[in-house]
Every structure is written in C-alpha cells, then in structure tokens.
Amino acid sequence: MRRPMVAGNWKMHGTRASVAELIKGLSDLALPSGVEVAVFPPALYINQVVDGVQGKAIAVGAQNSAVQPEQGALTGEIAPSQLAEAGCELVLIGHSERRQIIGESDEVLNRKFAAAQACGLKPVLCVGETLEEREAGKTLEIVGRQLDSVIEAFGVEVFAQAVIAYEPVWAIGTGLTASPQQAQDVHKAIREQLAAKNPEVAANVRLLYGGSVKAANAAELFGMPDIDGGLIGGASLNADEFGAICRAAGN
C-alpha cells in the first residue's frame with residue numbers, strides 16, 4: 001500500500017519572521033499519521049525549518065541541488081551532500097519553473113537526480129506539459145519523454161527511491177487545475193510506462209499531482225486510484241490550508 005504524501009513547495013517566498021510564523025502554524029497542526037508530510041523552503045531557511053520542526057512528523061526538502069554530489073568549485077550552487085548534512089531528506093528535480101525559466105535540460109536534471117540519490121536524498125522528479133503541448137495532444141508524449149530520460153540513463157529501478165510529481169505547467173500558479181480525471185489519466189500513463197519495465201517499482205512509486213491544489217479540490221484529486229498525494233505551491237504557505245490538504249490525503 002502506497003503511503004500518501006503531501007509536499008509543500010514554498011518557492012522563493014519567506015522571511016525569517018514569516019518562516020517562523022509558518023513553522024509555528026505547522027507545529028500546531030494535527031497531521032494524519034498515515035500521510036508523509038514534507039516542506040521545501042528556500043535554501044536560506046532550511047536550517048531554521050529543520051530546527052523548527054524537530055520532533056514533528058514533517059520532513060524537510062530542498063528546491064534544487066547541484067549536478068555533483070560533493071563540495072567543489074561551483075559558485076552559487078549547493079551540493080546534495082551539504083543538503084543532507086543540513087537535515088534534508090528530499091530534493092525537487094526538474095520543477096517546471098527550472099525547466100522553463102532557468103532552462104535546465106533533461107541531461108542536467110539527470111545529473112542532479114543521480115547526485116541527489118548518491119547522497120541519500122530522495123529526488124521528487126517533476127514532469128509536465130505546457131498549455132500549447134496539451135492543446136496539441138502531446139501531453140503523454142512530453143511527460144513520457146521526460147520520464148524516459150531518467151529511465152534510459154539509470155534504469156527504472158532508481159524510482160524505487162524517488163517520487164514523481166505530475167504538474168501541468170498551465171495549472172501552476174494560474175488557478176487552473178487539471179480535472180481529477182485529466183490528472184488521473186496522466187498518472188495512470190506514468191504508472192503504465194514504469195510497469196512496462198518493472199511492475200513492482202510501478203506499483204510502489206508514489207505519484208503526486210501538482211497544479212493549484214487547494215483544500216477545496218484536494219479530496220477529489222486524491223481520491224483517484226493513481227494519485228498518491230500532492231505537490232502544493234501557494235496553498236502550502238498557509239498552515240491551516242496546508243493542514244486541510246494533508247487531512248484530505250489521509251482520508
């Protein structure tokens with residue numbers, strides 16, 4: 001049985017004061033024991049969050065990490081080994097904002113994926129299509145290619161120690177959400193693509209949906225057979241809203 005997961009991506013939001021307030025709000029939540037809860041703060045605040053959630057069932061992840069596992073001459077980057085030492089357990093790889101705005105290629109993301117796993121971090125691989133690609137009927141082709149890039153480089157078995165998040169680019173921060181059935185169709189296709197290589201890995205890997213998930217639509221999305229939780233953006237900056245989404249995953 002796959003344990004549901006709800007992960008909050010704080011993106012480039014926060015000050016020391018607002019992070020302290022959010023940590024306090026999260027600490028006061030009664031989180032469902034059957035759900036794995038994680039938050040991904042900006043790198044500056046990872047130490048503050050790790051200290052703040054100590055003793056709580058909340059994992060901390062990073063939003064990005066370097067292409068090499070160890071420390072070195074890579075100005076401005078953070079090695080996954082440094083993130084692991086700081087208390088991170090997870091790292092986002094290939095979020096659409098990094099693919100689209102920063103221009104990270106599949107090759108770069110593959111290196112980041114491998115470097116993260118080499119340091120004991122669990123990659124959360126983000127895949128998804130733009131509005132143009134969806135309207136052209138290319139959703140499964142695009143998502144399949146992004147997934148195949150990792151499978152061809154390292155084998156499908158690496159997903160035994162990873163999470164996959166499907167986030168349609170057109171639904172991120174726009175207020176638009178894929179319908180539960182639209183999301184389920186893509187999640188099912190992802191699981192089938194993995195199952196063609198290794199049915200056991202496919203059955204156990206957690207697939208999260210990301211794209212304007214709120215307390216109001218979470219239960220319906222999470223009720224789909226192949227959706228194992230959510231990668232939450234804006235709603236994760238409000239502790240009460242995030243708590244409601246976590247409870248929806250627990251039900």
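In which loop is the place of Lys11?

Modeller: Please keep in mind that this is a predicted model. The place of Lys11 is in the loop between strand 1, which covers residues 5-9, and helix 1, which covers residues 16-27. Lys11 has a positive phi of about 50°, although this residue is not a glycine. With a relative accessibility of 17%, Lys11 counts as buried, because the limit for that word is under 20%.

Leaving aside its neighbours within four places in sequence, Ser236 is in contact with Gly8, Asn9, Trp10, Leu22 and Phe242. Ser236 itself lies in the loop between strand 8 (229-232) and helix 11 (239-250), and at 1% relative accessibility Ser236 counts as buried.

A positive phi in a residue that is not a glycine is found in Ser212 too, where the angle is about 60°. Ser212 sits in the loop between strand 7 and helix 10 (215-222), and with a relative accessible area of 15% Ser212 is buried.

Strand 7 leads on to the aromatic rings. The count of aromatic pairs comes to three. In one of them, the ring centres of Tyr166 and Tyr209 are 6.2 Å apart and their planes stand at 55°, so the pair is tilted. Tyr166 belongs to strand 6 (residues 163-166) and Tyr209 to strand 7 (residues 206-209), so this pair ties together parts that are 43 residues apart in sequence. Both of these tyrosines, Tyr166 and Tyr209, are buried. Elsewhere, ring pairs link Phe113, Phe154 and Phe159 into a cluster.

Stepping back to the whole chain, we find eleven helices and eight strands, and of its 251 residues 52% count as buried. If we look at contacts between residues at least 6 apart in sequence, 72% of them join residues that are at least 24 apart. For 251 residues, a compact globule would have a radius of gyration near 18 Å, and the chain agrees with this, since its value is 17 Å. Taken along the principal axes, the C-alpha atoms fill a box of roughly 45 × 45 × 35 Å. Finally, the chain carries 20 positive and 29 negative side chains, and the centres of these two sets lie 3 Å apart.

Terms used. Residues are numbered from 1 along each chain as its sequence is written. This is a predicted model: local features need pLDDT of at least 70, side-chain atom pairs count only at pLDDT 80 or more; totals for chains, interfaces and linings use all residues. Side-chain values use heavy atoms; hydrogens and water are left out. Rings of Phe, Tyr and Trp (its six-membered ring) pair if their centres lie within 6.5 Å; planes under 30 degrees apart count as stacked, over 60 as edge-to-face and the rest as tilted. Helices (H or I, at least four residues) and strands (E, at least two) are DSSP runs, numbered from the N terminus. Buried means under 20% relative accessible area, exposed over 50%, partly exposed in between (1.4 Å probe, protein chains only). The radius of gyration is taken over C-alpha atoms; the globule rule is 2.2 Å times the number of residues to the power 0.38. Contact means heavy atoms within 4.5 Å. Lys and Arg count as positive and Asp and Glu as negative; His and the chain ends are not counted. The place of a charge is taken as NZ of Lys, CZ of Arg, CG of Asp or CD of Glu.
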